[in-house]
Amino acid sequence: MRIDININGLDRNIEIEPSEVLCDLLRKLGYTSVRKSCDTGSCGACTVLVDGKPIASCSYLAAKANNHKITTIEGVKEEAERFNKYMIDEGVVQCGFCVPGFVLTILSMKHELNNPSIEEIKTYLVGNLCRCTGYEGHLRAIEKYLGGI
């Protein structure tokens, strides 16, 4: 089956398998920043934005993306680099496996929530797991990033 999809501002008409998940499709198209990890939608490594909202692409059928806008980390490079500096300053970037999905979630949160509290940030981040660190550094980086905008 064919779908029309916009990936990082580029309109595409793509042949997919009916059972193909969005993560696999994006990786097949060369967007290797979309990580594969749990395949259950619970770790956040595969997070992309669909019409600006974070979704777990490993459990989202590619067919559902028909006529939608998909954003990977490559599509928000400048903003991602700006936020990443805060994460580096707080020492939270270690292996980097979770970073693309985590950053996309934060960028979505920035547009959706106005001046979020720590509790709102924690709630928004449910489903984004980092196996290298605790989350205190992440929270400090997020607060500084949101305060610096």
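Start by selecting Thr71, which touches Asn8, Val48, Leu49, Val76 and Leu104, leaving out residues up to four places away in sequence; a contact here means heavy atoms within 4.5 Å. Before you click on, note that this is a predicted model, where local features need pLDDT of at least 70 and side-chain atom pairs count only at pLDDT 80 or more, while totals for chains, interfaces and linings use all residues. Residues are numbered from 1 along each chain as its sequence is written, and side-chain values use heavy atoms, with hydrogens and water left out.

Thr71 sits in strand E5 (residues 69–71); helices (H or I, at least four residues) and strands (E, at least two) are DSSP runs, numbered from the N terminus. Is Thr71 buried or exposed? With a relative accessible area of 18%, Thr71 is buried (buried is under 20% relative accessible area, exposed over 50%, partly exposed in between, using a 1.4 Å probe and protein chains only).

Next, pick Ile5, in strand E1 (residues 2–7). Ile5 has 3% relative accessibility, so it counts as buried too. Show its surroundings: setting aside neighbours within four places in sequence, Ile5 is in contact with Leu10, Asp11, Arg12, Ile14, Leu22, Ala65, His68 and Ile70. Now draw a C-alpha to C-alpha distance from Ile5 to Ala63: they are 58 residues apart in sequence and 9.5 Å apart in space.

On to helix H2, residues 77–89. Color Glu79, Ala80, Phe83 and Met87, which are buried. Their cover includes helix H3 (99–112) and helix H5 (136–147). After H2 comes Gly91, with a positive phi near 70 degrees.

Last stop: show H2 and H5 together. Their axes come within 8 Å and cross at roughly 130 degrees (axes are lines fitted to C-alpha atoms, for helices over the stretch in contact, with angles from 0 to 180 degrees between N-to-C directions). H2 and H5 are therefore oblique to each other; under 35 degrees counts as roughly parallel, over 145 as roughly antiparallel, 65 to 115 as roughly perpendicular, and the rest as oblique. To see the contact, select Glu79, Phe83, Tyr86 and Met87 of H2 with His138, Ala141, Ile142, Lys144 and Tyr145 of H5.

How values were computed:
Expected span 1.5 Å × (residues − 1).
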